[in-house]
Amino acid sequence: MESISVFEIIKVGIGPSSSHTMGPWNAASAFIRIIKRERSIAEVKEVFLEFFGSLAKTGIGHGTDIAGMLGLNGEDFTTINTSKIDEKIEKIKQDQTIKLGGEKEIPFIYGYHLVLNMHKSLDFHPNGMIFKAVFEDGTELVQDFYSVGGGFIASQEKNSIQKQCVRTLYPCHHGSDIIKYCEKLGFKRFSDLILINEESWRSQEETRQEALNIWRNIKECIYKGVNKEGILPGGLNVTRRAAGINRKLLGDKIYKNMDEWFQLVVDAEENFTNINKWIACFALAVNEENASFGRIITAPTNGASGVIPAVLMYSQAFTEFVSDDDIVRFLLVAGEIGTLFKKNATISAAMGGCQAEIGVSSAMAAAGLTEILGGSIGQVLMAAEIAMEHHLGLTCDPIKGLVQIPCIERNTMGAMKAITAANIALESDPTKAKVTLDEVIQTMWETALSMSDRFKETSEGGLAIAVNVPEC
């Protein structure tokens with residue numbers, strides 16, 4: 001089993017969905033690289049893209065088609081000016097051309113070269129897509145891809161096509177591995193082990209800087225979210241709420257930039273109700289940005305991108321554990337817990353329902369918070385177990401295929417559960433726990449396999465049907 005860096009689980013992303021936006025975007029970029037490896041962009045006459053299963057059924061609401069076109073057009077979602085996305089897509093549709101790989105303009109007719117096939121699913125995974133390049137000499141290059149959660153992509157031939165297989169010095173594929181190696185090395189803190197393992201990808205200082213870069217992006221995303229009013233795109237007419245909550249909590253206080261705003265939050269009245277509202281505000285801010293094709297931190301998915309930011313922001317605003325070291329340790333531990341779920345279950349809602357997104361993110365956040373609040377290694381794992389245990393069976397039933405209802409509010413609940421799980425674990429003896437993290441991960445996977453496909457991101461069951469709002 002290959003090792004996964006924590007920064008493949010917690011990373012810069014773009015809304016609204018890691019599986020339905022980032023995954024197809026990554027796949028399109030990967031297909032461009034395959035074309036360059038096998039032939040050349042200059043030899044391509046036409047390119048075709050067909051989405052299947054869940055990608056097709058909720059594709060419009062998730063911007064799957066947009067992601068596919070921008071990926072083929074040579075755009076990078078980590079650097080693209082998100083305010084220009086609509087303009088770029090409109091140009092492709094109006095001109096009926098695409099600049100393949102950013103190099104060659106070729107004909108591209110939406111609905112002919114790009115198709116959402118809602119009547120067929122590929123066997124390998126619900127989030128399937130097929131790319132085809134037709135060359136000037138009439139030959140073809142065809143490649144299947146599958147968006148397997150968190151922006152990760154795979155093909156039937158290769159389980160992951162994004163990176164080379166890496167094996168860390170102390171491979172941690174289960175919670176029991178973490179306990180074993182920490183005892184062997186005499187570590188008292190979970191994060192000490194992860195910091196060493198991350199050296200398989202980069203130096204310890206580079207790991208610290210990457211974690212702090214993630215934190216900076218989190219603060220920027222929340223700040224943007226608490227300062228934007230209006231209606232979210234997509235047709236549901238969902239009103240942004242984070243800005244209103246922020247305004248009420250701060251009263252008549254004025255700020256000119258992110259740092260001034262953050263200091264006002266830190267200095268705000270600390271009672272249970274206010275802190276509770278701030279946590280909800282942080283989560284809402286992130287997921288309202290996510291719903292608007294904003295740049296967010298995928299952790300481990302976009303639909304669950306507000307949980308870890310809300311809990312980490314809570315720790316920095318309302319606890320005494322506010323050093324850079326605390327931030328780094330939080331993110332290392334949270335990311336490592338996410339790798340356990342990815343390797344032994346799933347972080348894809350199309351495979352496991354929302355337990356695979358909000359449930360996993362809540363477990364990650366609970367573990368990270370417990371780590372910096374002084375929890376033992378056993379308590380950190382226990383916190384993750386408690387958080388996931390109370391998300392088991394959570395369905396994914398987005399209304400109109402949008403990452404808005406119930407997704408945005410659900411992030412606030414995941415954050416609250418994470419904090420509660422951490423507090424319970426810190427007051428508990430993990431040696432007396434009846435369920436281990438490894439057991440709850442296995443149970444989550446079994447639950448995912450037993451869950452009806454109607455409740456796995458298809459908009460064919462649950463709230464999506466109950467409110468009688470047609471799909472996009």
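Helices (H or I, at least four residues) and strands (E, at least two) are DSSP runs, numbered from the N terminus. The model is predicted: local features need pLDDT of at least 70, side-chain atom pairs count only at pLDDT 80 or more, and totals for chains, interfaces and linings use all residues. Residues are numbered from 1 along each chain as its sequence is written, and side-chain values use heavy atoms, with hydrogens and water left out.

**View 1. Phe-262 in helix H11.** Helix H11 covers residues 258-267 and contains Phe-262. Phe-262 has a relative accessible area of 15% and is therefore buried (buried means under 20% relative accessible area, exposed over 50%, partly exposed in between; 1.4 Å probe, protein chains only). With neighbours within four places in sequence set aside, Phe-262 is in contact with Met-313, Gln-316 and Ala-317; contact means heavy atoms within 4.5 Å. The C-alpha atoms of Phe-262 and Lys-219 are 8.5 Å apart, and the two residues are 43 apart in sequence.

**View 2. Ala-384 in helix H17.** Ala-384 lies in helix H17, residues 377-389. Its relative accessibility is 0%, so Ala-384 counts as buried. Apart from neighbours within four places in sequence, the contacts of Ala-384 are Ile-337, Ala-363, Ala-366, Ala-367 and Leu-437. Leu-369 is 15 residues from Ala-384 along the chain, with 10.0 Å between their C-alpha atoms.

**View 3. Asn-73 in a loop.** The loop that holds Asn-73 runs between helix H5 (64-72) and helix H6 (85-95). Asn-73 counts as buried because its relative accessibility is 15%. Not counting residues up to four places away in sequence, Asn-73 touches Ile-92, Ile-98, Lys-99, Gly-101 and Gly-102.

**View 4. Strand S2 and its two partners.** Strand S2 spans residues 44-52 and is mostly covered, with 7 of its 9 residues buried. S2 runs antiparallel to strand S6 (residues 128-135), and 7 bridges join them; two strands pair if DSSP finds at least two bridges between them. Leu-49 stands opposite Phe-131 in S6. With strand S5 (residues 114-117), S2 runs parallel, joined by 4 bridges. Here Phe-52 stands opposite Asn-117 in S5.

View 5. Strand S7 (residues 140-149) is mostly covered: 8 of its 10 residues are buried. S6 and S7 pair in the antiparallel sense over 7 bridges, and Val-134 has Glu-140 in S7 as its bridge partner. The hairpin of S6 and S7 has 4 residues between the strands, and Gly-138 takes a positive phi near 90° in it. S7 also pairs with strand S8 (residues 152-154), in the antiparallel sense and over 3 bridges. Tyr-146 has Ala-154 in S8 as its bridge partner. S7 and S8 form a hairpin with 2 residues between them, and Gly-150 in the turn has a positive phi of about 70°.

**View 6. The whole chain, for orientation.** The protein chain has 20 helices and 9 strands. Its radius of gyration is 22 Å, close to the 23 Å that the globule rule gives for 472 residues, so the chain is as compact as a globular protein of that length (the radius is taken over C-alpha atoms; the rule is 2.2 Å times the number of residues to the power 0.38). The C-alpha trace spans about 70 × 55 × 45 Å along its principal axes. Of the 472 residues, 60% are buried. Among contacts between residues at least 6 apart in sequence, 75% join residues at least 24 apart.
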